[in-house]
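This briefing is meant for a reader who is meeting the structure for the first time. It begins with a term that will be needed later and then goes through the topics one by one.

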Amino acid sequence: MAPPHTYDAIIIGGGHNGLVTAAYLARAGKKVLVLEKRPRVGGAAVTEEVFPGFKFTMFSYVVSLLRPEIIRDLDLPRHGLHVLPLESTVTPMENGDYLAAWGDHDETRRELYRHSPRDAEAYDEYGHLMHHMAHAVRPILGMVPPDPTSLDPRDLLGLLRLGRHFRGLGAERLHALVKLMTMSSADFLDEWFETDVLKATKSASGIIGTFLGPRSPGTAYVLLHHYMGELDGVFRAWGFAKGGTGAISEAIAAAARGFGAEIRCDSAVARVLVKGGRATGVALENGDELSARVVVSGLDPRRTFLELLDERDLPAELVADIRRFKFRGSSGKVNVALDALPSFTCMPGVGRHHRGAISISPSLAYVERAYDDAKYGEFSRRPYMDIVFPSMIDPGMAPPGKHVMSVFVQYAPYHLNGGWTDAKREAFGDAVIDTIEGFAPGLKSHILHRQVLTPADIERITGLSEGNIFQGELTLHQLFFLRPAPGFAKFRTPVRAYYQCGAGTHPGGGIMGASGRLAALAVLGDGA
Amino acid sequence: MILRTTPFHPRTAALSEGQAWRRWAGYVVASAYELSHDREYHSIRSAAALFDVSPLHKYMITGPDAARLLDRVVTRDVGKANVGQVLYTPWCDAGGKQLDDGTISVLGEHRYRLTSADPNLRWLHLNAAGLDVALEEVSERTAALSLQGPNARAILQVAAQRDLSGGALKYFHLTDAKIRGIPVTISRTGYTGDLGYEIWVDAAQALPLWDALIETGTPYGITPAGMLALDVARIEAGLLLIEVDYFSSRHALIEAQKSSPFELGLGWTVALGKEQFNGKAALVQEKQRGPAWQFTGLAVDWESLEQLYADVGLPPRLPTQAWRTSVPIYSGARQVGYATSGGWSPLLKQYIALAHLEAPFAVPGTAVEMEITVEHHRKRASARVTKLPFFNPDRKRV
């Protein structure tokens, strides 16, 4: 007789999805253990005091699409989740002008009108269409992807529901959806707008986390994500979390603990124990072995399948699929401690624009050129950047009167010519700061400390393969029933009692928690 | 201008982006400074919000019989309060029905300040018959600001150059202080259910005080905020509002429009042990028989709300501004009460309301239904009776 298992479920990795899975399993009465290799939970959603008094949202920096049902089911507000508004986006232009989108509709319209009366009108129509499309696509985020090749009644039913859903859209919207799925964001936006800086700023949201440029086909789809955030509207699942993204992880961890889950930090898992095609527990790097009825990996597909398991336990096709799965980390992060806010040439002084995003995307050509550098293995000399000042949204992020600046940077290819070195990292950091300095002269004199994170650093610190922030690119051939591999998109694996719950599964990255929840429901549905 | 402006108006008017003003006791105060009150609301819960609360009616009550007068008028035991304490209290008519509610600050031996929503000078004079007490209305002479939110203490400590920690200034206590040389009284009170303070100042010094607080508070995220933001916060805190959640018995046209403190969840303020006070006999009786109504919280069930909207093909629409209308509450086919204030709580991510329910239906956890209009049609959403307050952070008292 086998000895009784110590745990009902062991979750490998205390990222936000792993924590969500743990919380749902514990909520269902399971005895759950989360193992996190780092000293704190959160994975890429962590807040760290890197420089005394200055708290950095180290990697991920905004809440994007955190599922409302998770917020409710886990009672996250009671555990400290507080999402603050991040309402404006200002794009400084190279001629000293700017384009701004404010929280108020009339004001944004008037601002757009300044650039193009035609675009000011198109903007509303475009918004209306995207709202409908997002409404149509959103249910998919919360559904287990049906396999179109399977004859399993559950898959057929799922496909039927999906088919009905899309037919219900009507011709015009279905056509728009197909365009969104296939076109480049630049081409799609060209159909609507004439203002270059508007198209550049909008298209930038389509390239985040991918190794593609705004003129690469397939990038239009991600434009929808922004509108999905707006759909939650008043629910506000989009914004800046008080205390940074680490506070989201802490809230989910508190909820999980509240349901009885145990969370151990500084506990790296070396491999999953498999006996007779079934997972039986894990071996830690320190040699300890822990047994569980079910093991769930929150790590990315490469580590979930190829590092934690012995390849011999897996079908050869799956091994090949996972080897081909594209990570190609393309973004970096620069976190800066400031003694004063920078003054932008286009909007001198300190103003409300410091409470929103500053997008360094002055033209489509600028963003595409940034991609060109990366295509040939270099970081962008003049990168696309999304800048926020967390201390202006939550003053607790920096000492009173001081500030932190979070700079998301693209492109910084993981596979850099000659590889990443300390010197290259600093050169990359210089390129970032120099570029911002061009739009905000004097910035450099306010810098107290800077932290530069390349994709290689992201991989080294968080474990994310190739530093991809989404656990694998969010491109169409890696989404839905293809994420992470055909036949294994339902959170299960070929190894019985071994599940996957990370962003490498449907519906992918961003602090959504959707895959974590769906994985927990899969585990519970299997009667584990 | 027919309506009056407060002593802070030169500053608040300059900040008003949308010219959105609300009437309050004959004055105008900002509804919101920005075009949306969203950020102002969040500053209450995340940083610090600064409200102009000058329109409150304020009375100085002094003399050897000051406490006796107040004890005759209000339900709480004023005689037992220490100097430096602040009491929240309702007051009633002879029938035990609520006239008004406000605060009493014990400023010194025989020296009290009463604040109220309605004018009460005549009522105080009537009750002062035969007592050695001086009454003075100081509403216009005294300006007031309310600084509310987790950073409120840090800001005031810098501004007043003194310790205001929980040990130095307890919840519902006050102290005299100086801010940049301006004499003020700081009370640890507010209408948000959060860590917060109210600052009382001579109206002539209002503007320098405002400037000092804004300057000191800016590194801490101080944000001038208006009544729309306050309304959401006070509902989260379960704090009732006169003429919205209850009618003053002074204005009621029929008996059914009146409420007693017991019916309004204010039983804790009724000191039946006191020798005599307005409404005591009726309140003693009501306490024995148990109030017919209860004032309680309601949390609207999200799934039910989402379904009502999904039925017409829409995502849920939620009231971002608090509403203040009477909304029927049902249990099965029967109406068992009515909600008087409600709205979406951006912090709790819940649609919440304050409601009057027949006592048997007011037990926390009871499932009821609230009327909601979806695309011009009256529907009912499931809701659950919830204990008040909805939000009660430790920092409020610590």
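This is a predicted model: local features need pLDDT of at least 70, side-chain atom pairs count only at pLDDT 80 or more; totals for chains, interfaces and linings use all residues.

A crossing is left-handed if the near helix is turned anticlockwise from the far one by less than a right angle, and right-handed if clockwise.

**Two packed helices in chain A**

- Helix H1 of chain A, residues 16–27, packs against helix H10 of chain A, residues 245–258, at an angle of about 20 degrees, and the axes of the two helices are 8 Å apart.
- Angles under 35 degrees count as roughly parallel, and H1(A) and H10(A) are therefore described as roughly parallel to each other.
- Where H1(A) passes H10(A), the crossing is left-handed.
- On the H1(A) side the contact is made by A:His16, A:Leu19, A:Val20, A:Ala22, A:Ala23 and A:Ala26, which meet A:Ile248, A:Ser249, A:Ile252, A:Ala253, A:Ala255 and A:Ala256 in H10(A).
- Sorted by class, the contact of H1(A) with H10(A) consists of ten nonpolar and two polar residues, with no charged residues.

**The domains of chain A**

- Chain A is divided into domain 1, which takes in 7–45, 64–83, 242–326 and 470–525, and domain 2, which takes in 117–194 and 205–235.
- The centres of domain 1 and domain 2 of chain A, taken over C-alpha atoms, lie 26 Å apart.
- Between these domains of chain A, 21 residues of domain 1 are in contact with 20 residues of domain 2.
- Helix H17 of chain A, residues 514–525, gives the most to the side of domain 1 that touches domain 2, contributing three residues.
- That side of domain 1 of chain A has 13 nonpolar, five polar and three charged residues.

**The domains of chain B**

- Chain B is divided into domain 1 (4–56 + 140–225), domain 2 (58–137) and domain 3 (255–259 + 292–386).
- In chain B, the C-alpha centres of domain 1 and domain 2 are separated by 25 Å.
- Contact between these two domains of chain B involves eight residues of domain 1 and seven residues of domain 2.
- On the side of domain 1 of chain B that touches domain 2, there are three nonpolar and five polar residues, and no charged ones.

**Where the chains meet**

- Across the two chains, 18 residues of chain A are in contact with 21 residues of chain B.
- The side of chain A that touches chain B is made up of nine nonpolar, four polar and five charged residues.

Key
Residues are numbered from 1 along each chain as its sequence is written. Chains are lettered from A and ligands numbered from 1 in the order in which they are written. Domain bounds come from an automatic or database domain assignment. Ala, Val, Leu, Ile, Met, Phe, Trp, Tyr, Cys and Pro count as nonpolar, Asp, Glu, Lys and Arg as charged, and the others, Gly among them, as polar. Axes are lines fitted to C-alpha atoms, for helices over the stretch in contact, and angles run from 0 to 180 degrees between N-to-C directions. Helices (H or I, at least four residues) and strands (E, at least two) are DSSP runs, numbered from the N terminus. Angles under 35 degrees count as roughly parallel, over 145 as roughly antiparallel, 65 to 115 as roughly perpendicular and the rest as oblique.
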